[in-house]
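Q: Hi! Could you walk me through this one while I have it open in the viewer?

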Amino acid sequence: MSATVSVTEQWAPWTPLELAKKVKAGVEQYKKMPGLMKSGVTYLQMAADYIEAIAIADRDRKHLVWHGTQMNTEVYYSMDIVPVFNEMYSVLFSMMGGPVKGIFDLSAANGLPTELCAFNKSVDGMLLAGIAPRGTMASWHGSSCDNTPKALGNIARVQGLPTYFMDRPYQMFTQHRLDYWRKQNEEFIASCEKITGKKMDYNRLKKAVALSWEATKLCQEIEQLVWKTPCPMGWEAAFGPLTAARSFAGHPIANEFLTGLRDELKERVEKGIGAAKPERIRYVFTVSCPYFDMDLIRWMQEKCGAVLVVDNIGRFRGTAEWMLDPDDPVGNLAAKQQFNMGSHNYNPGVEHKEMMLEICRNAKVDAAIMFNNVGCAEQAGLSRILEDSLQKGLGIPTASIDCDILDKEFTPREQIEEQLTRFFEMVENGAAYKQRRAQQ
Amino acid sequence: MNTPFKTLSEMIGLTSPFPEGEAVKAWKAAGKRVIGHLYLAVPEELIHAGGFLPFRMSGDNEPLPMQLAESYVLFNQCGVTKGVWQQILEKKYDFLDGSVHSNVCDGVRRIYDNCVEFKPTPFMDVLNFPRKANEDAVQVYLVDLELLRDRLSTLRGQRIRDIELKRSIEIYNHTRELMKQFYELRKRDRPPVTGTETLEMMKAAGRMPRETYNDLLEKLLKEIKSSGREVKKGKRLMIVGNDIHNSNWMAAIEELDAVVVTDEMNVGTRYFAGKVDASLPPMEGLARHYILGRPQEAMTFGGNRFEHILKTAKEYKVDGVISENVRYCAPVGNDKPWLRKELEKHGVQLMELDMEYGEKPSGQIQLRTEAFVEMLQS
């Protein structure tokens with residue numbers, strides 16, 4: 001299906017196969033750690049399965065499709081295509097201690113401006129180092145942000161891949177835009193048929209869409225449980241729903257994981273088990289989470305008693321009622337985009353703000369953290385809108401931390417810890433916090 | 001030293017002080033309304049047909065302090081849109097009766113968000129602009145344009161009629177013809193105008209009533225043609241990348257033994273390339289032109305940006321290209337390595353510059369440009 005890429009000794013430990021081994025080793029380490037949620041282990045196992053499928057796609061003679069955020073993986077899984085999401089792959093590379101700075105340097109030396117999104121620079125660097133998975137196609141959305149279409153376009157150009165580009169309209173809730181979008185979903189399927197040489201089995205797609213719908217509902221159930229006081233979700237499983245719903249939508253793995261997580265959280269709620277002991281602060285990530293150092297979430301939980309109750313990017317929007325007609329899988333997938341995890345980032349800021357206020361109220365949030373990824377103009381332009389509305393509307397202060405979302409060297413860990421420690425103290429001394437606690 | 005063109009000075013006078021120049025003041029004094037817009041996603045013809053003055057929001061010849069803007073949007077927002085936001089906060093755009101934005105890039109749509117939240121005008125709109133250039137995109141854009149037409153009609157209190165649109169299309173097509181004629185003069189071995197003068201001429205189009213502008217541009221063309229002026233410079237340059245509105249930046253480049261003969265900017269060749277097909281129903285003509293008929297920007301998938309740059313560079317016989325990128329502009333920034341490869345493949349000399357929007361050229365930029373021009377001469 002593809003040529004084997006030869007890499008230099010420097011980069012050899014970071015090929016897809018080597019990365020898969022590292023994630024697997026991480027699973028074994030998790031298994032030995034005392035006190036973790038079972039779902040923490042299954043979450044990392046899911047990530048390991050994901051990377052392994054990518055690493056062995058060529059051996060198994062499967063098509064590997066690079067894709068960007070918001071793509072409907074249900075289509076890939078229905079056609080036995082292995083998806084590789086540029087952001088997910090980069091996050092796992094960073095989480096496993098991959099030389100992020102090194103690949104950024106390669107990208108910069110090749111001419112990509114250093115202030116662009118980390119996800120562009122990372123895969124660009126991996127391509128230059130010869131350690132990026134070799135795809136057979138690339139498909140992605142526009143109008144998600146400026147960087148995503150460019151990043152995927154770059155991959156397609158370097159690897160010489162056929163492409164399908166989907167133009168996601170801004171403000172989708174109108175019939176003519178939905179029709180436009182639906183047609184592109186049909187063309188997207190046709191593009192997958194073309195590269196695989198197989199026709200889509202629509203009964204299979206229906207089943208995948210049904211699974212995905214069930215996964216959406218599980219995510220919503222999980223969200224309600226996470227909002228309980230004390231919050232039962234530990235750092236180790238916090239990103240499970242996002243991983244499952246984004247990268248395994250339409251695959252049974254997602255549903256198995258989410259069912260297990262839902263049941264475990266239910267049990268913890270019934271037993272009154274909270275993640276932090278004691279729970280001091282309930283916080284939200286307003287835009288993104290610190291992929292560059294996910295251990296910060298453990299640190300906040302264990303050292304500061306701070307628990308993550310809302311990850312903005314890891315939740316479905318509004319009612320998420322996207323299953324319109326079980327016999328029309330393409331129509332359902334088109335409708336899903338309106339509610340997809342993180343899709344509110346790509347809609348008007350006022351909608352994002354209103355949604356954020358509602359969730360923070362419901363989840364009894366005390367504090368907001370904005371990790372300002374330096375390459376993300378989309379976030380940069382939203383900061384004050386969210387900050388002001390949370391402060392004025394609910395008395396929730398925001399800590400804004402400049403970072404590179406993949407490179408832990410960009411902002412020293414000590415600096416972030418110091419900033420967050422002081423921030424949490426400030427939150428606890430606030431009138432709104434005291435009032436919330438008095439009501440509990 | 002070339003003698004300044006009287007008509008160009010008149011244009012500059014009418015559009016000064018920036019942004020609320022004499023022409024805008026006179027328009028407002030007559031009780032008429034001004035609608036701001038950004039980039040080429042929003043057809044000016046539609047605003048014009050409603051009897052409003054379309055005003056292109058941008059920076060101008062002075063560097064913009066960004067402190068106020070950065071108290072709302074973070075430092076990593078692109079300078080072009082941050083500069084506009086800075087001026088909105090400084091109340092320099094308070095003369096606007098409304099604005100029409102789009103989703104053409106992250107920066108532009110976030111400026112819309114911030115305007116809605118912190119500085120709303122009586123009329124605010126955002127237009128969905130497709131990032132694909134095909135028939136389906138034309139059709140979806142056409143519906144969205146019709147919806148915008150409805151809202152502008154409501155603002156006016158009367159339906160914008162087809163006949164009004166046709167007249168506006170005719171006027172704007174005439175601008176395109178005149179600008180094309182102007183740029184044709186720059187193809188001469190010794191062009192009669194500088195890049196700095198051209199930029200002033202182009203900027204004025206978005207800052208005064210179009211009928212007045214067309215009259216002035218016709219007059220300017222006659223003045224240039226009869227002047228017999230020749231700009232005697234050694235090398236011919238082209239500017240590609242983000243829009244530059246600071247003429248002092250352009251002038252500093254032209255202090256060297258070089259003249260800027262063309263560009264690929266929205267305030268340049270992209271603005272006047274092609275014409276709205278007047279034989280079509282007017283709204284369809286607009287939709288087709290803005291999606292398919294003009295050179296596309298960096299955000300359009302599979303767009304013709306590179307082809308436009310290469311074709312223009314050849315037509316204007318450029319010796320070198322300055323590829324500039326305003327920091328934090330992702331669409332243009334991401335194109336840079338590929339544009340470099342493309343130009344190198346075609347043997348076009350290139351200098352890449354990363355810069356802050358609106359800045360005057362720093363010593364470093366001047367030094368690099370000087371070295372580039374010297375390299376072209378060797």
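Predicted model: local features only at pLDDT ≥ 70, side-chain atom pairs only at ≥ 80, totals over all residues.

Q: Switching to the interface: how many residues of chain B are in contact with chain A?
A: On the chain B side there are 38, and they are in contact with 39 residues of chain A. The elements of chain B that give two or more residues to this side are α6, α7 (135-156) and α15 (330-345).

Q: Which of them gives the most?
A: α15(B) does, with 8 residues.

Q: How does that side of chain B divide into nonpolar, polar and charged?
A: You get 18 nonpolar, 9 polar and 11 charged residues.

Q: Over to chain A then. How many helices and strands does it have?
A: Chain A has 18 helices and 8 strands. Its radius of gyration is 21 Å, close to the 22 Å from the globule rule for 440 residues, so chain A is as compact as a globular protein of that length. If you want box dimensions, its C-alpha atoms fill roughly 65 × 50 × 40 Å along the principal axes.

Q: What share of chain A is buried?
A: Buried residues make up 58% of the 440.

Q: Which domains is chain A divided into?
A: Domain 1 covers 12-202, and domain 2 is made of 276-315 + 348-440. Their C-alpha centres lie 27 Å apart. Where the two meet, 16 residues of domain 1 are in contact with 15 residues of domain 2.

Q: What does domain 1 of chain A bring to the side that touches domain 2?
A: The elements giving two or more residues are α4 (86-95), α5 (100-109) and α6 (118-129) of chain A. α4(A) gives the most, with 4 residues. By type, that side has 8 nonpolar, 5 polar and 3 charged residues.

Q: Which residues in the largest nonpolar core touch the most other members?
A: Of its 253 residues, those are Ile51(A), Leu92(A), Tyr283(A), Val309(A), Val365(A), Ala367(A) and Leu237(B). The core draws at least three residues from each of domain 1 and domain 2 of chain A. Leaving out residues up to four places away in sequence, Leu92(A) touches Leu19(A), Val23(A), Ala47(A) and Ile51(A).

Q: Last one: why does Phe371(A) count as buried?
A: Phe371(A) has 25 other C-beta atoms within 10 Å, and the cut-off for buried is 20 or more. Phe371(A) lies in strand β7 (residues 367-373) of chain A. Beyond its neighbours within four places in sequence, its contacts include Phe285(A), Cys289(A), Pro290(A) and Ile401(A). There is also Ser400(A), 29 residues away in sequence but 6.0 Å from Phe371(A) in space, C-alpha to C-alpha.

Key. Residues numbered from 1 in each chain as written. Chains lettered and ligands numbered in written order. Contact = placed C-beta atoms within 7 Å. Nonpolar A, V, L, I, M, F, W, Y, C, P; charged D, E, K, R; others polar. Rg over C-alpha atoms; globule rule 2.2 N^0.38 Å. Buried ≥ 20, exposed ≤ 12 C-beta atoms within 10 Å, placed from the backbone. Domains from an automatic or database assignment. Core = buried A, V, L, I, M, F, W, Y, C linked by C-beta atoms within 7 Å.
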